[in-house]
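Have the structure open as you read.

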Amino acid sequence: MSVLDTLNGTAFTAFGQHVIWSDMIGNTIGLAALALGWRRSIWTWPAQFLSGLILVAAYASAHLSGGVGKQLLVIGVALWGWRQWQRGRKQAQDGSIAVRFAGWRERGLLLGGTAVGTAAVGTLFTLFPQLSWNPWPDAYIFVGTLAAMVAQARGLVEFWCAWLLVDIVGVPLAFSSGLAFSGLVYVVYLALVVWGMRDWWLRSRAADRTVLEGAAA
């Protein structure tokens, strides 16, 4: 039996749903990555890289090409995010990454890019049905994940909003695709996203006050 067969084997069954090893392990690491992101730890990126690597097998087993593509994207962006944070160009006083709200131009680029990207990927999936049996939700999650990770790499508070919007579609899609553990993890993601958003929001406001006080002095 190959490693791939083992990863896609059933770990356990609950409420009539078969939970496979790759789905369980990959998403557990993904939860850890989100928690590390909340703490603004650079180790969030290696965790996201490993999670994406394992979840490729899970989505391939469910024949969700969009999901596979999303995880390959996660792997690539994780490498870029690691490099961005490692540069330390925006360090906070405690040595972690500094966070801030995006400017209106950045928000427009994120929203516009996400909308155009979703339309393009959704059209591609529709024209080639073998790529995805659920093209538009798949495209939405695919592009939304990219937008969230790019915003995270830049230390933008809005990255939490992007994850929240991805989760809203990700939960029902995961359950309907037979990836029960992914669905449950997405529910936990929602709680972490709300807490993380609050933490980054408060930190960005504190940073703004510090800048204003410094300017006044």
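Before we start, one term: helices here are DSSP runs of H or I with at least four residues, numbered from the N terminus. Keep in mind, too, that this is a predicted model.

Rolling a probe the size of a water molecule over the atoms shows where empty space is left. Here the count comes to 2 cavities of 30 Å³ or more. The largest cavity holds about 260 Å³ of space. It is lined by 20 residues, and those closest to its centre are Gly30, Gln48, Ser51, Trp163 and Tyr189.

Which helix gives the most to this lining? That's helix 3, with 5 residues. Helix 2 (21–38), helix 3, helix 4 (65–87), helix 6, helix 7 and helix 8 (180–216) each give two or more residues to the lining of the largest cavity. Sort that lining by type and you get 10 nonpolar, 8 polar and 2 charged residues.

## The open space

Now for the largest pocket, which has a volume of about 350 Å³. Its lining has 14 residues, with Leu111, Thr114, Cys161, Ala162 and Leu165 closest to the centre. Helix 5, helix 6 and helix 7 (158–176) each supply at least two residues of this lining, and helix 7 gives the most, with 6 residues. By type, the lining of the largest pocket splits into 10 nonpolar, 2 polar and 2 charged residues.

## Helix 5 against helix 6

Two packed helices are described by the angle between their axes and the distance between the axes. For helix 5 (residues 104–127) and helix 6 (residues 135–153), the angle is about 145° and the axes are 8 Å apart. Helix 5 passes helix 6 in a right-handed crossing.

Who touches whom? On the helix 5 side, the contact includes Leu110, Gly113, Thr114 and Phe125, and among their partners in helix 6 are Pro135, Trp136, Asp138 and Tyr140. The residues of this contact come out as 12 nonpolar, 7 polar and 1 charged.

## Helix 3 against helix 6

Helix 3 (residues 44–61) and helix 6 have axes that come within 12 Å and cross at roughly 160°. Because angles over 145 degrees count as roughly antiparallel, helix 3 is roughly antiparallel to helix 6. Helix 3 passes helix 6 in a left-handed crossing.

Thr44, Trp45 and Gln48 of helix 3 make the contact with Met149, Gln152 and Ala153 of helix 6. These residues divide into 3 nonpolar, 3 polar and no charged.

Definitions and conventions. Residues numbered from 1 in each chain as written. Predicted model: local features only at pLDDT ≥ 70, side-chain atom pairs only at ≥ 80, totals over all residues. Heavy atoms only, no water. Axes fitted to C-alpha atoms, helices over the stretch in contact; angles between N-to-C directions. Left-handed = near helix turned anticlockwise from the far one by under 90°. Contact = heavy atoms within 4.5 Å. Nonpolar A, V, L, I, M, F, W, Y, C, P; charged D, E, K, R; others polar. 1 Å grid on protein atoms, 1.4 Å probe; cavity = no way out; pocket = protein on both sides within 12 Å on 5 of 7 lines; lining within 4 Å. Points joined across faces, edges and corners; volume = space filled by probe spheres on them. Parallel < 35°, antiparallel > 145°, perpendicular 65-115°, else oblique.
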